[in-house]
Amino acid sequence: VLTFDRQGKIKAHELREKKTSDLLAQLDSFRTELSQLRVSKVSGQGGPSKLSKIKVIRKSIARVLTVYNEKRRAGLTKASEKKKFIPLDLRAKKTRAIRRALSDHWKYKKTIKQWKKEANYPMRRYALKA
């Protein structure tokens with residue numbers, strides 16, 4: 001049983017206790033209710049109470065979707081904990097350039113020739129007059 005406050009909002013902490021199948025059923029009921037409210041808005045039957053309820057239902061749909069996606073992502077992270085690769089939608093987004101840049105390990109790797117050159121010909125230091 002879901003409780004609504006005075007405007008009919010649904011609470012996210014109550015949604016988190018529900019199963020995903022219940023969440024999807026709740027989502028369907030909210031969507032059908034929203035479509036009925038929109039029809040009544042167009043036909044002019046609904047008063048101001050129905051018009052104000054559209055916003056509440058839209059926010060409730062958003063809450064249900066948010067909780068559903070949180071649960072889905074939590075399940076994916078738990079399932080991919082010990083695997084080599086993480087699903088794409090769970091990886092850090094960053095930017096395309098940063099994702100393709102070399103890691104620090106490869107960025108600072110040097111050839112033997114480069115090591116010898118740096119060891120034998122260090123950076124020259126000059127004494128400057130002040």
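Biologist: Where do the mean positions of the positive and negative charges of the protein lie, and how many Å apart are they?

Modeller: Start with what is counted: Lys and Arg are positive, Asp and Glu are negative, while His and the chain ends are left out. Each charge is placed at NZ of Lys, CZ of Arg, CG of Asp or CD of Glu. In this protein the 37 positive and 11 negative charges have mean positions 12 Å apart. Keep in mind that this is a predicted model, where local features need pLDDT of at least 70 and side-chain atom pairs count only at pLDDT 80 or more, while totals for chains, interfaces and linings use all residues. Residues are numbered from 1 along each chain as its sequence is written, and side-chain values use heavy atoms, with hydrogens and water left out.

Biologist: Thanks! How many helices and strands does the protein have?

Modeller: Helices (H or I, at least four residues) and strands (E, at least two) are DSSP runs, numbered from the N terminus. Here there are six helices and zero strands, giving the pattern α-α-α-α-α-α along the sequence. The radius of gyration is 29 Å, well over the 14 Å of the globule rule for 130 residues, so the protein is more spread out than a compact globule. That radius is taken over C-alpha atoms, and the rule is 2.2 Å times the number of residues to the power 0.38. Along the principal axes, the C-alpha atoms fill a box of roughly 90 × 45 × 25 Å.

Biologist: What share of the residues count as buried?

Modeller: Buried means under 20% relative accessible area, exposed over 50%, and partly exposed in between (1.4 Å probe, protein chains only). Of the 130 residues, 15% count as buried.

Biologist: Which residues make up the largest nonpolar core?

Modeller: In soluble globular proteins, nonpolar side chains tend to be buried together. A nonpolar core is a set of buried Ala, Val, Leu, Ile, Met, Phe, Trp, Tyr and Cys residues joined through side-chain atoms within 4.5 Å. The largest one here has twelve residues, including Ile10, Leu23, Phe30, Ile57 and Val67. Helix H2 (20-43) and helix H3 (48-79) each supply at least two residues of this core.

Biologist: Is Ser80 buried or exposed?

Modeller: Ser80 is buried, with a relative accessible area of 9%. You will find Ser80 in the loop between H3 and helix H4 (96-100). A contact means heavy atoms within 4.5 Å; leaving aside residues up to four places away in sequence, Ser80 touches Phe85, Ile86, Pro87 and Leu90.

Biologist: And Ala119, where is its place?

Modeller: Ala119 sits in helix H6 (residues 112-120) and counts as exposed, at 59% relative accessibility. Ala119 and Ser80 are 39 residues apart in sequence and 45 Å apart in space, C-alpha to C-alpha.

Biologist: What phi does Lys94 have?

Modeller: Most residues other than glycine have a negative phi. Lys94 is not a glycine, yet its phi is positive, about 50°. Lys94 lies in the loop between H3 and H4 and is exposed, at 56% relative accessibility.

Biologist: One last stop: where is Arg38 found?

Modeller: Arg38 is in helix H2, and at 43% relative accessibility Arg38 counts as partly exposed. The C-alpha atoms of Arg38 and Leu51 are separated by 8.3 Å, with the two residues 13 apart along the chain.
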